[in-house]
Amino acid sequence: MKFLMEQWQALPDYVRSTVWILVVTVSLILSVAFTTLWERKVIGWMQLRKGPNRVGSIFGFLPGIFQPFADVIKLLIKEVVIPAESNKVLFRIAPMITLIPAFAIWAVIPLDPNLVIADVNAGLLYVLALTSVGVYGVILAGWASNSKYAFLGAMRSAAQIVAYEIAMGFALVGVLMASRSLNLGKIILAQQGTSILSWFWLPLFPLFIVYFIAGVAETNRAPFDVAEGESEIVAGFHVEYSGIAFGLFFLAEYANMILITALTVVFFFGGWLSPLAGIPGLEGTFLAAPSVVWLALKMAVFAFVFLWIRATFPRYRYDQIMRLGWKVLIPVTIVWIGVEGVLAALKVGPWSGPV
């Protein structure tokens with residue numbers, strides 16, 4: 001093992017970075033695949049159904065475990081139909097514009113204290129910039145299809161994304177004020193303390209709620225999925241897409257969902273920090289040590305909340321969604337940023353330590 005570590009350290013930086021990029025990308029694709037299965041299983045459980053249970057099993061256990069691979073094969077072998085009057089170049093590019101930012105953001109997310117692909121000091125700005133790019137793929141998909149249904153869905157989705165992006169941005173201003181850094185690793189380190197009460201979810205609780213709700217809306221997940229309101233505008237901006245082209249939009253939705261869970265954990269729940277740190281008797285053990293395992297477990301909890309919300313709430317009307325974004329979430333974030341300013345002046349909570 002020591003020999004392998006020495007060989008790994010001897011490799012050039014660009015080789016190690018490339019390896020980690022491949023590891024993260026493959027892990028993310030597999031996570032998306034199995035999240036679709038997990039969602040169908042969880043919603044089936046909540047609705048007293050079995051969910052997918054026909055495609056494969058492992059020695060009789062985990063029935064339906066190969067369903068995601070069957071779905072991928074189905075999408076790959078289906079014909080991609082491109083409308084005759086569409087803008088064929090933009091029609092092909094749109095799914096990639098939606099998907100690539102969801103993967104690229106992982107470059108700056110710290111997976112454990114010693115593992116981040118790009119330790120960028122302005123990581124928070126990088127995250128904000130790339131999360132804003134996805135809306136262009138949605139708009140292009142609707143416009144390039146040359147279909148009124150697709151274009152209407154794209155406009156509704158774009159307006160929704162812009163509204164909730166503003167709320168998310170203001171929420172992250174609160175995180176910036178508390179951590180006093182744009183580096184995601186330093187934001188996690190700013191949450192170190194003797195217990196989970198040191199994490200930012202407590203002093204920034206309203207901003208955490210706003211951020212997570214806005215994250216659900218940003219990803220067009222139920223109950224904010226009016227862009228895909230089947231009873232109103234068929235399937236929204238991707239109504240003209242089929243085969244693997246539709247599959248890329250599907251992949252982007254779940255990749256963005258996993259991304260929002262990761263960012264929520266990093267900004268408000270200590271990232272890779274252990275929730276058991278500071279407990280007498282556990283100090284110095286692997287349970288209290290920071291690890292990528294804790295990051296993954298926290299992400300799994302919030303991913304479950306995403307699925308729980310989908311199974312619980314009915315779809316909102318479009319005017320209700322826009323009212324919530326503009327008249328509730330944005331004012332809440334602005335007020336709490338003002339409260340944070342007062343707390344910082346009084347040196348309370350995260351601002352009690354040295355600058």
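Select Asn-121 first, together with Leu-182, Asn-183 and Lys-186, the residues in contact with Asn-121 (heavy atoms within 4.5 Å) once neighbours within four places in sequence are set aside. The model is predicted, so local features require pLDDT of at least 70 and side-chain atom pairs pLDDT 80 or more, whereas totals for chains, interfaces and linings use all residues. Residues are numbered from 1 along each chain as its sequence is written, and side-chain values use heavy atoms, with hydrogens and water left out.

Asn-121 sits in the loop between helix H4 (88-104) and helix H5 (123-144); helices are DSSP runs of H or I of at least four residues, numbered from the N terminus. Asn-121 counts as exposed because its relative accessibility is 54%, where exposed means over 50%, buried under 20% and partly exposed in between, with a 1.4 Å probe and protein chains only.

Next, select Trp-106, Ile-109, Leu-184, Tyr-211, Phe-267 and Phe-268. These residues have the most contacts inside the largest nonpolar core, which has 68 residues. Such a core is a set of buried Ala, Val, Leu, Ile, Met, Phe, Trp, Tyr and Cys residues joined through side-chain atoms within 4.5 Å. Helix H10 (residues 243-268) gives the most to this core, with 14 residues. Apart from this core lies another, of 14 residues, including Val-135 and Phe-237.

Now turn to helix H2 (13-46). H2 has 34 residues and spans 47 Å from its first C-alpha to its last, close to the 50 Å expected at 1.5 Å a residue; the expected span is 1.5 Å times one less than the number of residues. Among the buried residues of H2 are Arg-16, Val-24, Leu-28 and Glu-39. The buried residues of H2 pack against helix H1 (2-10), helix H3 (67-77), H4, H10 and H11. After H2 comes Leu-48, whose phi is positive, near 60 degrees.

Finally, select Ser-31, Trp-106, Ile-258, Ala-296 and Met-299, which lie nearest the centre of the second largest pocket, lined by 21 residues. On a 1 Å grid over the protein atoms alone, a pocket is an open set of points where a 1.4 Å probe fits, with protein on both sides within 12 Å along at least five of seven lines; lining residues have an atom within 4 Å of a point. H2 gives the most to this lining, with 10 residues. By class, the lining has 17 nonpolar, 4 polar and no charged residues; Ala, Val, Leu, Ile, Met, Phe, Trp, Tyr, Cys and Pro count as nonpolar, Asp, Glu, Lys and Arg as charged, and the others as polar.

Technical notes. Helices (H or I, at least four residues) and strands (E, at least two) are DSSP runs, numbered from the N terminus.
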